[in-house]
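Here is a short briefing to read alongside the model. Please keep the viewer open as you go through the points.

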Amino acid sequence: YKRITTKSLVEMKQHGEKISMLTAYDYTMAKIVDAAGIDVILVGDSASNVMAGHETTLPITLDQMIYHASSVVRAAERALVVVDLPFGTYQSDPKEALRSAIRVMKESGGHAVKLEGGKEIKESIKRILQAGIPVMGHLGLTPQSIYKFGTYTVRAKEEEEAEKLIEDAKTLEKLGCFAVVLEKIPAKLAKKVAESISIPVIGIGAGNGVDGQVLVVHDMLGMTHEFNPRFLRRYMNLYEEMSTAISQYVDDVKSVDFPNENEQY
Ligand code: KIV
Ligand code: NA
């Protein structure tokens, strides 16, 4: 196997090969995801929800993201590892953004960073790219701005926001980002964006007219079960299967069925 690079992703778009991306936050999960042939592993700040149980992605820190990312990097042999810069580590000024991105690259060994936003964070993206760090953009529903939006509903349904999104995507391309994530926007708009820029567009809740798809791995495996957006396809019901296995273990311990003769020394 050959290591996937930011260049491979651009080539995949040129050849019309769709890009597969999933999140992972720890070594064991990343091992499985990588070996199964995923192109990109995202160490998402969704770790704030999935791993730490916070209601939003805002509380997770740079140190915590670096811990998750370094675990994933140790597991990934083929996939490109992209790491989210968490809320508050790149918005105030470009120098701070660069410092944060450098910490991620040096301390975790990740291959690229992802930042939420368009024009507003242009200078920060430029600074990071100048240092030789690949940047993935993220537009549409950007969960770090949840308190501005108020809800997690579909974004850019109105003309004005759609126009701004197209402009932002073009800005990200011009700056030199290697790809952009579009989250929870109308499929028609996402397709239009994918057709108007040459870098890959990876969608989540953005339809199939884009260049690739991303999901949170715990969601697609059915480990989380209270989260039911329309865009989510569950490939397993791990919540059920794990619950059954764990209750069985509890029963076996209580009834002294476990361990049996062969399971002891
Ligand atoms: O943090 C995350 O998991 C993400 C994806 C949903 C794109 O940013
Ligand atoms: Na994220």
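Leaving aside its neighbours within four places in sequence, which residues is Tyr 239 in contact with? They are Gly 222, Met 223 and His 225, where contact means that the C-beta atoms, placed from the backbone, lie within 7 Å. This is a predicted model, in which local features need pLDDT of at least 70 and side-chain atom pairs count only at pLDDT 80 or more, while totals for chains, interfaces and linings use all residues. Residues are numbered from 1 along each chain as its sequence is written, and chains are lettered from A and ligands numbered from 1 in the order in which they are written.

- The chain is assigned domain 1 (6–234) and domain 2 (240–265), with bounds that come from an automatic or database domain assignment.
- The C-alpha centres of domain 1 and domain 2 are 40 Å apart.
- Tyr 239 belongs to helix H11 (residues 238–254); helices (H or I, at least four residues) and strands (E, at least two) are DSSP runs, numbered from the N terminus.
- Tyr 239 counts as partly exposed because it has 16 C-beta neighbours inside 10 Å. By the cut-offs used here, a residue is buried if 20 or more other C-beta atoms lie within 10 Å of its own, exposed if 12 or fewer, and partly exposed in between, with C-beta atoms placed from the backbone.

- The residues around ligand 1 are Thr 23, Leu 42, Gly 44, Asp 45, Ser 46, Asp 84, Val 181, Glu 183, Ile 204, Val 214 and Val 216; a residue is included if its C-beta atom, placed from the backbone, lies within 6 Å of the ligand.
- This shell divides into five nonpolar, three polar and three charged residues. Here Ala, Val, Leu, Ile, Met, Phe, Trp, Tyr, Cys and Pro count as nonpolar, Asp, Glu, Lys and Arg as charged, and the others, Gly among them, as polar.

**Annotated positions**

- An unreviewed UniProt entry gives a "binding site" annotation covering Asp 45, Asp 84 and Glu 116. These are spread over 72 residues of sequence, yet they cluster in space, with a largest C-alpha distance of 10.8 Å.
- UniProt (unreviewed entry) also places the feature "binding site" at Asp 45, Ser 46, Asp 84 and Lys 114. No two of their C-alpha atoms are more than 12.5 Å apart although they span 70 residues in sequence, so they gather at one spot.
- For "active site", UniProt (unreviewed entry) lists Glu 183.
- UniProt positions follow the numbering used here, feature names are shortened, and annotations may be inferred rather than shown by experiment.

**A closer look at these residues**

- Asp 84 sits in strand S3 (residues 80–84) and is buried because 30 other C-beta atoms lie within 10 Å. Beyond four places in sequence, Asp 84 is in contact with Val 43, Gly 44, Asp 45, Met 65 and Lys 114.
- Lys 114 lies in strand S4 and counts as buried, with 22 C-beta neighbours inside 10 Å. Its contacts beyond four places in sequence include Leu 42, Asp 84, His 138 and Val 181.
- Glu 116 is found in the loop between strand S4 (112–114) and helix H6 (122–130). Glu 116 is buried, with 25 C-beta neighbours inside 10 Å, and is in contact with His 138, Thr 142 and Gln 144, leaving aside neighbours within four places in sequence.
- Glu 183 is part of strand S6 and is buried, with 22 C-beta neighbours inside 10 Å. Not counting residues up to four places away in sequence, Glu 183 touches residues including His 138, Thr 142 and Ile 204.

**Strands**

- Why is S3 largely enclosed by the rest of the structure? The reason is that five of the five residues of S3 are buried.
- Leu 80, Val 82 and Asp 84 cover one side of S3, and Val 81 and Val 83 the other.
- Strand S2 (residues 40–43) runs parallel to S3 and is joined to it by four bridges; strands pair if DSSP finds at least two bridges between them. Ile 41 stands opposite Val 81.
- S3 also pairs with S4 in the parallel sense over three bridges, with Val 83 opposite Val 113.
- Strand S6 (residues 179–183) and S7 are parallel, paired over four bridges, and Val 180 has Val 201 as its bridge partner in S7.
- In strand S7 (residues 201–204), Val 201 and Gly 203 point one way and Ile 202 and Ile 204 the other way, and all are buried.

Note on methods: Two residues are in contact if their C-beta atoms, placed from the backbone, lie within 7 Å.
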